[in-house]
Protein chains: 2
Amino acid sequence: MTLSLYSDEQYMQQALKQARYALAEDEIPIGAVVVMDKQIIARAYNQTEKLRDVTAHAEMLALTAAANFVGNKYLADCTLYVTVEPCVMCAGASFWAQVKRVVYGAAEEKRGFRRYGNLLHPRTELATGILAEECAALMQQFFTQKRK
Amino acid sequence: MTLSLYSDEQYMQQALKQARYALAEDEIPIGAVVVMDKQIIARAYNQTEKLRDVTAHAEMLALTAAANFVGNKYLADCTLYVTVEPCVMCAGASFWAQVKRVVYGAAEEKRGFRRYGNLLHPRTELATGILAEECAALMQQFFTQKRK
């Protein structure tokens with residue numbers, strides 16, 4: 001598959017790269033990037049085990065890094081790409097940051113935010129299912145390994 | 001009013017002290033403490049302006065500090081005291097940390113988590129309305145000053 005430059009798929013590939021770093025460190029493999037003006041301004045992967053901190057989800061770390069980069073806690077011109085549907089905590093963080101778009105790959109029916117209704121900011125657009133199979137496959141690989 | 005030692009009111013007074021630090025720094029005045037075995041193991045106040053980071057809510061900072069103290073991301077023996085009803089993000093964080101109890105002072109009907117249903121962990125107990133008037137008064141003081 002050829003990915004066009006600046007496409008959602010292209011940025012999700014970068015989020016997947018982050019997720020693979022998480023997998024390599026035995027973390028639940030979720031990755032995120034934040035994009036502004038077509039540029040990736042923050043990259044992060046889940047580090048809850050390494051940091052022993054439940055708040056260290058990929059999205060949280062990426063949003064904090066993006067705010068540091070922009071010098072503004074509001075990220076109204078930014079898109080958050082994340083490989084898996086954000087949880088309630090991360091959806092809440094994106095609400096406060098008023099991000100322009102949230103784009104995720106694989107759905108997370110049990111822990112994803114969507115079962116609680118629309119927790120995103122009214123101005124935040126949502127796109128879903130981008131490279132969903134690759135994103136979900138990483139998760140399956142992790143949990144299959146864990147069960148062994 | 002005399003406060004008995006180890007009462008919810010006593011710990012909420014400490015959370016209020018944190019909230020006053022926030023007020024002094026022109027932050028939305030919300031404070032939190034985390035208690036384990038009757039001891040306060042973490043204290044924090046909202047620092048979203050200072051850190052330019054929407055994730056720097058009092059609860060988030062307190063939960064992260066508590067996890068660092070305990071050396072465990074799970075806080076199943078801990079109570080989170082916070083002066084104002086947590087938002088969705090902070091409720092989500094308390095879910096992941098599996099805190100034993102969440103105790104808040106003033107309700108927050110617009111941005112509090114409760115309008116979205118019970119976002120807390122099934123094992124988390126909830127107590128509300130502790131020193132609610134003092135907690136709410138600090139918030140009112142802040143927003144009245146802002147409007148001037």
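Guide: UniProt positions follow the numbering used here, feature names are shortened, and annotations may be inferred rather than shown by experiment. This is a predicted model, in which local features need pLDDT of at least 70 and side-chain atom pairs pLDDT 80 or more, while totals for chains, interfaces and linings use all residues. Residues are numbered from 1 along each chain, chains are lettered from A and ligands numbered from 1 as written, and side-chain values use heavy atoms, without hydrogens and water.

Visitor: What is the largest C-alpha distance among the listed "binding site" residues?

Guide: The unreviewed UniProt entry lists His57(A), Cys87(A) and Cys90(A). They spread over 34 residues of sequence yet cluster in space, with a largest C-alpha distance of 9.2 Å.

Visitor: Which residue of chain B is in contact with His57(A)?

Guide: His57(A) lies in the loop between strand S2 (39-45) and H2 of chain A. Its relative accessibility is 14%, so His57(A) counts as buried (under 20%; exposed is over 50%, partly exposed in between; 1.4 Å probe, protein chains only). Beyond four places in sequence, its contacts (heavy atoms within 4.5 Å) include Cys87(A), Cys90(A) and, from chain B, Trp96(B).

Visitor: What is the relative accessibility of Cys90(A)?

Guide: Cys90(A) lies in helix H3 (residues 88-97) of chain A. Leaving out residues up to four places away, Cys90(A) touches His57(A), Glu59(A) and Met60(A). Cys90(A) counts as buried because its relative accessibility is 0%.

Key. Helix = DSSP H or I, 4+ residues; strand = E, 2+ residues; numbered from the N terminus.
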